[in-house]
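Subject: Structure for you to look at

Hello,

Here is the structure I promised to pass on. Please open it first, then read my notes below with the view beside you.

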Amino acid sequence: MTIFENNNNGFSTIKGNNTGEIKIKFLSSPQEDMQLTITKDSLLLKRENSTTANIVIDKFYGTQQAPRYSDDSGLFELQVYIDESSIEVFADEGKSVMTALYFFDAPINKVIIEGNKASITSGTWGHITKQ
């Protein structure tokens with residue numbers, strides 16, 4: 001398990017070996033989070049724990065899925081970009097892509113990465129700055 005804290009509005013590059021699944025949880029509070037699951041065949045984003053979206057905008061609630069176009073090696077590189085209300089995921093050298101909106105009451109302040117039959121070989125987290 002890898003944990004990054006106090007990292008709102010940032011980006012991540014994660015590399016590893018994926019023979020199972022990887023779960024990345026983005027938390028803004030105990031009540032608000034979203035979870036990205038990466039398998040050999042798909043990217044799955046669950047946005048079920050957002051108090052604002054649950055009340056105001058039901059389109060942004062629930063689960064979103066995108067296919068992955070990965071090779072059989074099991075190796076992966078994933079880039080994730082997050083700002084105040086959107087997440088963008090790029091995998092497989094840009095062949096697998098997902099973009100989604102989310103609405104939390106507070107900024108994301110913790111990212112937890114867990115792997116089941118997967119290993120993270122490297123990971124970074126940086127901040128996005130306005131120019």
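Start with the interior. Buried residues account for 39% of the 131 residues in the protein chain. Keep in mind that this is a predicted model.

Next, the overall layout. The protein chain holds one helix and nine strands. Their order along the sequence is β-β-β-β-α-β-β-β-β-β. Now look at contacts between residues at least 6 apart in sequence. Of these, 64% join residues at least 24 apart. The accessible surface of the protein chain is about 7,400 Å². Carbon and sulfur atoms supply 48% of that surface.

Salt bridges

How many salt bridges does a search of the whole structure find? It finds two.

One links the side chains of Glu21 and Lys23, with N to O at 3.5 Å. Glu21 has 24% relative accessibility, so it counts as partly exposed. Lys23 is partly exposed too, because its relative accessible area is 30%. Both values fall between the limits of 20% and 50%.

Arg68 and Asp92 form another salt bridge. Their closest N and O atoms are 2.6 Å apart. Where do these two residues lie? Arg68 is in the loop between β5 (62-67) and β6 (75-82). Asp92 is in the loop between β7 (86-91) and β8 (96-101). The pair therefore ties together parts that are 24 residues apart in sequence. Are Arg68 and Asp92 buried or exposed? Arg68 is at 8% relative accessibility, so it counts as buried. Asp92 is at 12%, so it counts as buried as well. The cut-off for buried is under 20%.

Side chains of opposite charge can pair when their charged atoms come close.

A charged residue without a salt bridge

Now find Glu32. It lies in strand β3, residues 32-38. Glu32 is buried, yet it has no salt bridge. Which side chain of opposite charge is nearest to Glu32, and how far away is it? It is Arg47, 12 Å away. A salt bridge needs the two atoms within 4 Å. Glu32 does have a polar neighbour, though. A polar atom of the Glu32 side chain lies 2.7 Å from the backbone nitrogen of Asp105.

Lys46 and its contacts

Move on to strand β4, residues 42-49, where you will find Lys46. Lys46 has a relative accessible area of 35%, so it is partly exposed. Leave aside residues up to four places away in sequence. Lys46 then touches Met34, Gln35, Gly62 and Thr63. Take Thr63 from that list. Lys46 and Thr63 are 17 residues apart along the chain, but their C-alpha atoms are separated by 4.3 Å.

The β6 and β7 hairpin

Last, look at β6 and β7. They form a hairpin, with three residues between them. The two strands run antiparallel, and five bridges join them.

The covered face carries Phe76, Leu78, Val80 and Ile82. The uncovered face carries Leu75, Glu77, Gln79 and Tyr81. Why do the residue numbers alternate like this? In a regular strand the side chains alternate between the two faces of the sheet.

Best wishes

Technical notes
Residues numbered from 1 in each chain as written. Predicted model: local features only at pLDDT ≥ 70, side-chain atom pairs only at ≥ 80, totals over all residues. Heavy atoms only, no water. Buried < 20%, exposed > 50% of the residue type's maximum accessible area, 1.4 Å probe, protein only. Helix = DSSP H or I, 4+ residues; strand = E, 2+ residues; numbered from the N terminus. Contact = heavy atoms within 4.5 Å. Areas by Shrake-Rupley, 256 points an atom, 1.4 Å probe, with all protein chains shown as cover. Lys, Arg positive; Asp, Glu negative; His and termini not counted. Polar contact = N/O pair within 3.5 Å; in protein donor to acceptor, adjacent residues only side chain to side chain. Pairing = 2+ DSSP bridges.
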